Amino acid sequence: MATASVAVRPHENVTGYVTKTRKMLINGKWVDSASGKTFETYNPATGEVLSHVAEGDKEDIDRAVKAARAAFETGPWSKISPSERGRMIWRLGDLLEKHLEEFAQLESLDNGKPLKIARVADLPLSIDHFRYYAGWATKIEGNTVPMSGWKQGMFHAYTVREPVGVVGQIIPWNFPLLMAAWKLGPALASGCTIVLKPAEQTPLTALRLGELIQEAGIPDGVVNIVPGYGETAGAALAAHPDVDKVAFTGSTEVGKLILKAAAGNLKKVSLELGGKSPNIIFDDADLDSAIPGAASAIFFNQGQCCCAGSRLYIEKKAFDKVVEGVADNASKIRVRPGFDPDSDLGPLVSEEQLNRVCGFLESGAKEGAKAVTGGSREGTTGYFVKPTVLINTNPKMKVVQEEIFGPVVTAIPFSDPSEIAATANDTIYGLAAGIWTRDIKKAHSLASKIKAGTVWINCYNIFDASLPFGGYKQSGWGREMGHEVLEHYTEVKSVCAAL
Ligand code: ADP
């Protein structure tokens with residue numbers, strides 16, 4: 001690994017931001033945690049302490065829920081028009097755009113991802129997300145309902161969609177700002193109030209976003225942001241009796257805990273969880289696009305994507321060429337600190353993730369998998385892992401069955417296209433899949449057989465605020481994005497009046 005030539009000068013706001021202990025946002029005020037405790041976040045490129053952050057726990061969650069409840073029931077938010085709500089959300093998108101470079105730098109420092117990627121992916125997608133949901137604020141409607149039989153003509157019946165109330169949102173560390181945007185945009189558009197808990201590894205951009213939320217004119221108490229650990233702050237939020245709905249993105253394991261915690265008051269639950277997504281390349285695919293497509297499907301964001309194309313199935317005739325091509329792509333990826341302008345792949349987010357991914361690499365090697373390229377940690381400073389292509393696997397191996405959440409792909413040949421749907425579906429997950437072929441009939445017919453919330457054909461990792469995203473099976477409940485997500489943030493009320 002080349003040493004970091006830190007050519008990018010840190011934005012002045014960023015330097016100032018990380019050196020001061022960050023507080024939490026409750027009822028429009030930046031406050032310390034009730035316990036006075038703080039926790040450290042680390043720069044994944046160096047392993048050094050990056051910042052100190054107020055550590056929220058149950059008491060802080062209680063304070064935040066109380067503020068969100070008051071804002072929902074009696075605050076100015078409950079009275080403002082959908083149009084004004086939309087304007088505030090739009091303004092938030094504009095403010096984020098104005099501060100794009102600062103946020104991209106903060107995200108790169110906190111999460112480790114290449115700064116150049118944060119600039120062109122995380123930030124534009126987050127900004128667009130707020131703009132998309134700004135438009136929805138004025139378009140959440142009910143229906144008039146025709147009644148039948150003896151009731152016909154005797155009643156006027158209609159439905160209204162009302163905000164679900166106080167929402168708890170628990171988000172992960174892989175796309176810290178974007179996940180906050182995914183959660184906040186539709187909840188605000190629907191008129192809910194929110195307690196957001198960012199991941200303990202990466203709380204900084206969500207907290208800085210809190211300042212922009214205030215600047216955008218969103219009233220106090222509407223968005224409360226409580227950083228802290230999952231087992232304390234997260235669990236308290238999921239279990240809170242005065243929270244009407246919890247929205248979670250993270251591991252399947254924690255998703256199940258959230259579900260249990262939510263059962264106390266039967267709060268509504270939506271879950272966007274893990275994956276082990278099949279990416280299928282047929283002999284007749286345009287390999288010039290399928291090969292780099294397969295590489296980016298797994299290596300994007302250091303492989304820390306719930307939808308990463310981590311099981312690469314290749315039809316036999318194309319197998320050698322694709323494996324060689326993906327390995328060649330992998331070996332050219334420059335693994336460097338996110339602030340290095342040449343960085344294509346940054347460190348993993350934490351030491352814990354580094355150990356986890358290296359554990360998978362060791363288990364794969366022990367079970368007989370062969371690394372065509374990569375296969376180990378990169379360097380000894382920071383949490384870097386070499387982009388890795390594994391062959392000689394079998395369906396029982398941990399590296400084929402379990403979500404690795406790192407830059408590791410298993411390349412598996414197949415010879416009978418009629419069996420590939422069953423093979424692709426042979427997983428507890430069902431988040432996403434990729435299909436590469438020139439045969440349009442084959443593509444759509446296979447897409448219909450894949451049990452996954454998203455199927456990409458001759459592309460991968462294409463996201464848009466308008467396109468629903470979420471999982472079948474143990475990849476989750478419900479959908480993020482599009483108009484579908486609005487159903488999670490609204491209740492339907494039927495009103496029936498005698499005429
Ligand atoms: P990962 O395993 O990828 O770190 P997690 O699913 O553990 O992802 O974390 C995603 C989010 O869930 C984080 O904000 C984390 O703090 C939170 N979390 C972890 N454990 C719990 C829990 N028991 N209850 C509620 N939230 C939790």
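This is a predicted model: local features need pLDDT of at least 70, side-chain atom pairs count only at pLDDT 80 or more; totals for chains, interfaces and linings use all residues.
## Helix α3 against helix α6

On the α3 side, the contact is made by Arg85, Ile89 and Leu96. Helix α6 contributes Leu177, Gly185, Leu188, Ala189 and Ser190.

## Helix α3 against helix α7

Helix α3 also packs on helix α7, which spans residues 204–215. Here the angle is about 130° and the axes are 9 Å apart. That angle makes α3 oblique to α7. In passing α7, helix α3 forms a right-handed crossing.

Leu92, Leu95, Leu96 and Lys98 of α3 make this contact, together with Leu209, Leu212, Ile213 and Glu215 of α7. The residues involved comprise 6 nonpolar and 2 charged, with no polar ones. Leu96 of α3 takes part in the contact with α7 and is also listed in the contact with α6.

## Helix α4 against helix α7

Another partner of helix α7 is helix α4, made up of residues 100–111. The axes of α4 and α7 come within 9 Å and cross at roughly 155°. The two helices are therefore roughly antiparallel to each other.

From α4, the residues that meet α7 are Glu102, Phe103, Leu106, Glu107 and Asp110. Their counterparts in α7 are Leu204, Thr205, Arg208, Leu209 and Leu212. This contact divides into 5 nonpolar, 1 polar and 4 charged residues. Leu209 and Leu212 of α7, which meet α4 here, also belong to the contact of α7 with α3.

## The two domains

The domain assignment gives two domains for the protein. Domain 1 consists of two stretches of the chain, 12–273 and 476–495, while domain 2 runs over 278–464. The centres of the two domains, taken over C-alpha atoms, are separated by 31 Å.

Where the domains touch, 29 residues come from domain 1 and 30 residues from domain 2. The size of an interface is often given as the accessible area lost when the parts come together. Between domain 1 and domain 2, about 2,200 Å² is buried. Carbon and sulfur atoms account for 63% of that area.

## Around Ala447

Ala447 sits in helix α15, which covers residues 440–449. Which residues does Ala447 touch, not counting those up to four places away in sequence? They are Ile435, Val455 and Ile457. One of these, Ile457, lies 10 residues from Ala447 along the chain, and the C-alpha atoms of the two are separated by 8.2 Å.

Notes
Residues are numbered from 1 along each chain as its sequence is written. Side-chain values use heavy atoms; hydrogens and water are left out. Axes are lines fitted to C-alpha atoms, for helices over the stretch in contact, and angles run from 0 to 180 degrees between N-to-C directions. Helices (H or I, at least four residues) and strands (E, at least two) are DSSP runs, numbered from the N terminus. Angles under 35 degrees count as roughly parallel, over 145 as roughly antiparallel, 65 to 115 as roughly perpendicular and the rest as oblique. A crossing is left-handed if the near helix is turned anticlockwise from the far one by less than a right angle, and right-handed if clockwise. Contact means heavy atoms within 4.5 Å. Ala, Val, Leu, Ile, Met, Phe, Trp, Tyr, Cys and Pro count as nonpolar, Asp, Glu, Lys and Arg as charged, and the others, Gly among them, as polar. Domain bounds come from an automatic or database domain assignment. Buried area is the accessible area (1.4 Å probe) that two parts lose on being put together, summed over both.
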